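Subject: Structure handover

Hello,

I am passing on the structure we talked about. Please open it alongside this message.

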Amino acid sequence: MYEDAIDPRRVAQMIDEYFKVRGLKKPTPEQAVLWAMTELGEAADELLRRSGPWVRNNPEKMRSFDRAAFVEELGDTILMLLIAAHELDRSNPLVAMVSKIERKIAEEVHARVAERHADSGLT
Ligand SMILES: [Mg+2]
């Protein structure tokens with residue numbers, strides 16, 4: 001189940017299924033990025049509750065921080081970002097993220113090894 005969340009083929013299937021089953025119109029990549037921003041705003045709204053209480057325009061929205069709601073809004077944000085890439089060319093930003101992390105770690109390790117060799121006089 002959790003492995004499915006980063007399996008590019010499974011993510012693509014889930015996105016297609018999500019829209020098909022719910023009968024929703026798929027956003028364009030541009031619209032999906034804008035939707036991601038609104039979802040991030042919802043996550044930020046939830047997070048602000050940790051440092052409240054704040055005076056809100058809508059008193060019915062005054063409640064304490066809900067960890068599950070916060071995490072769900074982050075999930076909504078990630079979903080919209082996945083949809084943006086999916087609708088562009090069926091790519092997956094999680095794959096790009098993992099590749100970049102691996103590349104940066106490898107570059108750092110390579111730089112440290114080269115630095116140690118330089119310090120020790122090895123070439
Ligand atoms: Mg949401």
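Below are the notes on what was found in it.

This is a predicted model, in which local features need pLDDT of at least 70, side-chain atom pairs count only at pLDDT 80 or more, and totals for chains, interfaces and linings use all residues. Numbering of residues starts from 1 along each chain, as its sequence is written.

Domains. The domain assignment of the chain gives domain 1 (3–91) and domain 2 (93–123); such bounds come from an automatic or database assignment. The centres of domain 1 and domain 2, taken over C-alpha atoms, are 33 Å apart.

Helix packing. Helices here are DSSP runs (H or I, at least four residues), numbered from the N terminus. Helix H1 (residues 8–22) packs with helix H3 (residues 67–89) at an angle of about 95°, and their axes are 11 Å apart. H1 is therefore roughly perpendicular to H3, a label used for angles of 65 to 115 degrees. The axes are lines fitted to C-alpha atoms over the stretch in contact, and angles run from 0 to 180 degrees between N-to-C directions.

On the H1 side the residues are Val11, Ala12 and Ile15, and they meet Leu82, Ile83 and His86 in H3. Contact means that the C-beta atoms, placed from the backbone, lie within 7 Å. Of the residues in this contact of H1 with H3, five are nonpolar, one is polar and none is charged. In that count Ala, Val, Leu, Ile, Met, Phe, Trp, Tyr, Cys and Pro are nonpolar, Asp, Glu, Lys and Arg are charged, and the others, Gly among them, are polar. Leaving aside neighbours within four places in sequence, Val11 is in contact with Leu82 and Asn92.

Core. The largest nonpolar core has nine residues, including Val11, Ala32, Met80 and Leu82. A core of this kind is a set of buried Ala, Val, Leu, Ile, Met, Phe, Trp, Tyr and Cys residues joined through C-beta atoms within 7 Å. Buried means 20 or more other C-beta atoms within 10 Å, exposed means 12 or fewer, and partly exposed lies in between, with C-beta atoms placed from the backbone. H3 gives the most to the core, with six residues.

Leu47 is found in helix H2 and is partly exposed, because 13 other C-beta atoms lie within 10 Å. Val109 lies in helix H4 (residues 93–120) and is exposed, because the number within 10 Å is 10 other C-beta atoms.

Regards

Technical notes. Helices (H or I, at least four residues) and strands (E, at least two) are DSSP runs, numbered from the N terminus. Angles under 35 degrees count as roughly parallel, over 145 as roughly antiparallel, 65 to 115 as roughly perpendicular and the rest as oblique. Two residues are in contact if their C-beta atoms, placed from the backbone, lie within 7 Å.
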